[in-house]
Amino acid sequence: MSLADLTIVEAGRRLEAGEITSVDLTEAVLERATMTEAQLHCYLTIDRDGALESAAASDERRSQGRALGPLDGIPVALKDNMCTRGVETTAASQILAGWVPPYDAHVVERLREAGAVLVGKTNLDEFAMGSSTENSAYGPTRNPWDTDRVPGGSSGGSAAAVAAGSALGSLGSDTGGSIRQPAALCGVVGVKPTYGRVSRYGLIAFASSLDQIGPLARSVDDARLLLETIWGHDPRDATSYPGEYPSLAAALDRGVGGMRIGVVEEFGGEGYEKAVEAAVSATIERLAGAGAEIVEVSIPTAQVALSAYYLIAPAEASANLARFDGVRYGNRVPGDTTEEMMARTRAAGFGPEVKRRILLGTYALSAGYYDAFYGKAQQVRTRLIQEFRAAYETADVLISPTSPTVAFELGARVDDPLSMYLSDVCTLPVNLTGDPAISVPVGTDDAGLPIGLQVMAPALGEEQMFCVAAEVERLAAFDARPPLGDAS
Amino acid sequence: MPVDIDIAHVARLARLALDDSELEIYRRQLSQILEHAAKVQSVATDDTAPTAHPLGLTNSFRSDVVQPSLDRDEVLSQAPESQDGYFVVPPALEVDG
């Protein structure tokens, strides 16, 4: 097995024991990227020199007994909508081609302070708008399990890189499922923390009341380690949560004995693949066998969550993306007046999905329609929060499939925006409520494509979420690897 | 119920210079998406307040302490056009004569 296939925890153990160096580990990861990138295209930028420099510096620290902690020397990847000082950041859009940020995002600062080796910037749907990574202006990422299929999205590059071994872990952003859905489709773990737990400072904004940064990794414990590194209060993000941030490690070994696990009635049935439902049912039975009490819950408003989401997210996006106007950064198309320059710049710089959502959001916020669409959607959001809260009176966590289907083929949903949007039907409700959720791989379908199970918890309930996720991971014993991993 | 959209007006508000065939494609797609999105109107919400922040945080201020700013030259180096420490844009106001 190549070092590139180690979990973060195991790699950290070997670094600590002096069995390997960070340069060994980083070279193994870069070598894997060299082998797979032409086919997978996980990365938009690989910072080979910067990564090897960081790795050497990590080894130097360690040799002097000054290692910074469990992530010191570990190669990780960042979705390319997180600002990295001195390294091009594009959000997979033409409008930002060549842009080099003058500052680091909060999460990037945190990773650097922890000694992590930043391998590069991963591909995404332009401005994180999409569920397949096909909306990237720089070409799609492919799924390491089957290169005719999408990796999911929008954090498709971050998920595929972790699955393929071109990073040991990565960060993504999740606005409607953009960490969890690609994690499920690529057979890795993905976490959307409680809204406000991870600072959005330096994350290129899509929908500010929904966006949340989180980790993707090969194990629940690795994801826990990354999350504990990046979360915490940051005064530069006015929505950052100022309260307590508990240590999560102990929760992973607690087991589910006596816990109440709710199965959401609305997340199943028509449109759900049989293999997905079967894998989830099998896990539920095993959880019951491990001592959990299984209860049925109903969240009726979940059925209109998609509608509310596709009003709120585009509305916020239309406001956030107004800043890309050819004035302060990015590319410009000349015009005789400022307005003409802006309108031409935006028409040339944004791709079709981004334009579609900007137009949708602009319409939903425009005079005469605000109350009927955006205002109403924000009220539906409150209803959804109330229903989730009621469900958490009878259950400690809720579980569901992460995605109704396994990875679909490239091109299958591109021309039908609504069918693409339906990819997120299980994941987006908790973006509206702000609650945390995690996707854990639990099996494969007959074709060997991974299936993810989602564990949702009440706001600030990361401890019980990780407790159940760790048990799901033990019970599922998912150890399949994508075929590309075998080639090395 | 199909939603009728003045797409040229919306595109102008959004500062997107689109040609007629693009406008027609987006008009059709938006109409379809909005028809689905209009399902929110089926939920009774008369006595329900809208949600902005899921945890209900309001008025989060940082302490009023001077912090270093971004380096001006580094910022301007990324602008399409700049001069004497300013961003440069084409004329924003119409001038008669």
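**Close-up views of a predicted two-chain model**

**Figure 1. Surroundings of Ala308(A) in the predicted model.** Leaving aside residues up to four places away in sequence, Ala308(A) touches Ala377(A), Val380(A), Arg381(A) and Leu432(A), together with Val40(B). In soluble globular proteins, nonpolar side chains tend to be buried together.

**Figure 2. Contact of chain B with chain A.** Here 45 residues of chain B are in contact with 61 residues of chain A. Helices H1 (7-13), H2 (20-37) and H3 (72-76) of chain B each supply at least two residues of the side that touches chain A. H2(B) gives the most to that side, with seven residues. By residue class, the side of chain B that touches chain A divides into 29 nonpolar, eleven polar and five charged residues.

**Figure 3. Crossing of helices H2(A) and H3(A).** The axes of H2(A), residues 22-40, and H3(A), residues 48-63, come within 8 Å and cross at roughly 160°. Because angles over 145 degrees count as roughly antiparallel, H2(A) is roughly antiparallel to H3(A). The crossing is right-handed. From H2(A), the residues Ser22(A), Val23(A), Thr26(A) and Leu30(A) meet Arg48(A), Ala51(A), Leu52(A), Ala55(A), Ala56(A), Ser58(A) and Asp59(A) of H3(A). The residues of this contact comprise six nonpolar, three polar and two charged.

Figure 4. Gly165(A), which follows H5(A), has a positive phi near 90°. In the loop between strand E3 (117-122) and H5 of chain A lies Ser154(A); the peptide bond to Ser154(A) from Gly153(A) is cis, with omega near 15°.

**Figure 5. Positive phi at Leu460(A) and Ala477(A).** Leu460(A), although not a glycine, has a positive phi of about 70°. Leu460(A) is placed in the loop between strand E11 (450-456) and helix H15 (462-476) of chain A, and is buried, with 20 other C-beta atoms within 10 Å. Ala477(A), likewise a residue other than glycine, has a positive phi near 45°. Ala477(A) is found in the loop between H15 and helix H16 (483-486) of chain A and counts as exposed, with 9 C-beta neighbours inside 10 Å.

Technical notes
Residues numbered from 1 in each chain as written. Chains lettered and ligands numbered in written order. Predicted model: local features only at pLDDT ≥ 70, side-chain atom pairs only at ≥ 80, totals over all residues. Axes fitted to C-alpha atoms, helices over the stretch in contact; angles between N-to-C directions. Helix = DSSP H or I, 4+ residues; strand = E, 2+ residues; numbered from the N terminus. Parallel < 35°, antiparallel > 145°, perpendicular 65-115°, else oblique. Left-handed = near helix turned anticlockwise from the far one by under 90°. Contact = placed C-beta atoms within 7 Å. Nonpolar A, V, L, I, M, F, W, Y, C, P; charged D, E, K, R; others polar. Buried ≥ 20, exposed ≤ 12 C-beta atoms within 10 Å, placed from the backbone.
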